[in-house]
Amino acid sequence: MQLNSYEDLRAQLVSRALTCEEVVRFYLERIDQHGDDNIYITVFHEQAIERARMLDRKLQAGGTLGKLFGMPMAIKDNIAIKGSKLTCASKILAQYESVYDATAVLRLEAADAIFLGKTNMDEFAMGSSNENSAFGNVPNPFDKNRVPGGSSGGSAAAVAFGLAMVALGSDTGGSVRQPAGFCDIVGLKPTYGRISRYGLVAFASSFDQIGVLARHCDDAALVLEVMAGRDERDATSSAHAVDNYSQQIAAVSVEGLKIGVPKEYFPENLNADVSRMVRGKLSELRDRGAELVEITLPDSQYAIAAYYILVTAEASSNLARFDGARYGYRAEHAENLAAMYVNSRTEGFGREVKRRIMLGTYVLSAGYYDTYYKKAQQVRRVFQDRYREALEKVDVIAGPTSPFPPFGIGDKTGDPLEMYLADVFTVPASIVGMPAVSVPLGFDSLKLPVGMHLICNFFEEGKLLGIAKLMQRSL
């Protein structure tokens, strides 16, 4: 079965050359074949087939078909689907089942999408390699001795392996874009507030966004159109009008496009292949009519420090609810209530989650709040001003998605700081809340994927995806 894009799939479904059930069975069979790769935590075998049959009956009855009719999708296991496990890849929630649906899920189902299962991830979305999961790591689709990136590594690998047409992830500091770059696919983080966070388990509430992983920019645009928009259940969701992103993509032209190239995104220690491929693509666009504008983004070296102060502080607060009292894992042996809390959290959380809780508690503690947390918030405001100023002069800011290609499993687990630097180019867009995308450029000298990272101004997702489509090579 050859399914190049959703446009191709929809045409075959509507013409009845294929049925939804045939498509779902095809994907489920592939998922089962890749069971050892640990990509899915939960697979919806029966539910997906039943939903496919329902959609087939709808087509036969002449019903109105949703915008995503029959699209087979994967969903990261920190997004709620009622009656299904919501583990966040953590022992503390290993047996927990959601009692409600995320707003994004409701909107996708109303558009006739089909969910195939819940994908693996770094525990509570904390990580850059998918090695922090209580269910084990996920391999990179192009070299199984390397990581797929994180924290949405399972969703990225599902799309790259052909185990879903599109997948949802969550992006706090690059957790959709960095694995997309490592897995040779498109990874979109929309403007903060563009998609409701209702039903997304919180890591850092002022950063978290549901994102889209796909093989094509057009597919990502369609899914975004369905999910975007105001939600009364999420006070941080935006009432900004939802654009027709598909039309906006088609309207973008390379002629006269101003591409900002920050010198800070090309340090001397940048991987040689990454630098060569990104600069090569920029030169190609210049030859096609774009204008390359050298810009500077002062203080970029403080992005990682400010980001980890802010997100660990928010994580410390958000994860306080997992105490073993109301739901989730509870330690068997405890002499009193305080010991039950301590033992449940000690046994239930993984090493990286504990590290971030401790860091967050420290920066929020008396005597350190002003020194660290308040200062990081001030840095965040400076970054917002810097990026606004830059995007008044150019259409898009471009650079590498990651400073290096996919690294080996276990290579960076012993050095947290080195692991954190994997997100050095994706973190700034999360700090300022602007939309960003990773677009695949091809493969380096070791045949490993390399991605380019693009940032646009607030709510310019259509323009962003249009520029990404201009850059994306033919798959």
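Biologist: How many nonpolar, polar and charged residues does the lining of the second largest cavity have?

Modeller: Bear in mind that this is a predicted model. The second largest cavity, with about 50 Å³ of space, is lined by residues including Phe182, Val274, Phe404 and Pro405, and also by Thr401 and Ser402. By class, its lining has 6 nonpolar, 4 polar and no charged residues.

Biologist: Which element supplies the largest share of the lining of the second largest cavity?

Modeller: Helix H6 (177-183) and strand E11 (449-455) each supply at least two residues of that lining. Pro449, Val450 and Gly451 are among the lining residues, and the largest share, 3 residues, comes from E11.

Biologist: How do the residues lining the largest cavity divide by class?

Modeller: The largest cavity holds about 60 Å³ of space, and the search of the whole structure finds 2 cavities of 30 Å³ or more. Among the residues that line the largest cavity are Phe203, Tyr307 and Tyr308, together with Arg356 and Asp423. By class, the lining residues divide into 4 nonpolar, 6 polar and 2 charged.

Biologist: Is Val138 buried or exposed?

Modeller: Val138 has its place in the loop between strand E3 (114-119) and helix H5 (153-161). Leaving aside residues up to four places away in sequence, Val138 touches residues including Ile39, Asn120, Val147 and Ala157. Because its relative accessible area is 1%, under the 20% cut-off, Val138 counts as buried.

Key. Residues are numbered from 1 along each chain as its sequence is written. This is a predicted model: local features need pLDDT of at least 70, side-chain atom pairs count only at pLDDT 80 or more; totals for chains, interfaces and linings use all residues. Side-chain values use heavy atoms; hydrogens and water are left out. On a 1 Å grid over the protein atoms alone, a cavity is a set of points where a 1.4 Å probe fits but cannot get out, and a pocket is an open set with protein on both sides within 12 Å along at least five of seven lines; lining residues have an atom within 4 Å of a point. Grid points are joined across faces, edges and corners, and a volume is the space filled by probe spheres set on the points. Ala, Val, Leu, Ile, Met, Phe, Trp, Tyr, Cys and Pro count as nonpolar, Asp, Glu, Lys and Arg as charged, and the others, Gly among them, as polar. Helices (H or I, at least four residues) and strands (E, at least two) are DSSP runs, numbered from the N terminus. Buried means under 20% relative accessible area, exposed over 50%, partly exposed in between (1.4 Å probe, protein chains only). Contact means heavy atoms within 4.5 Å.
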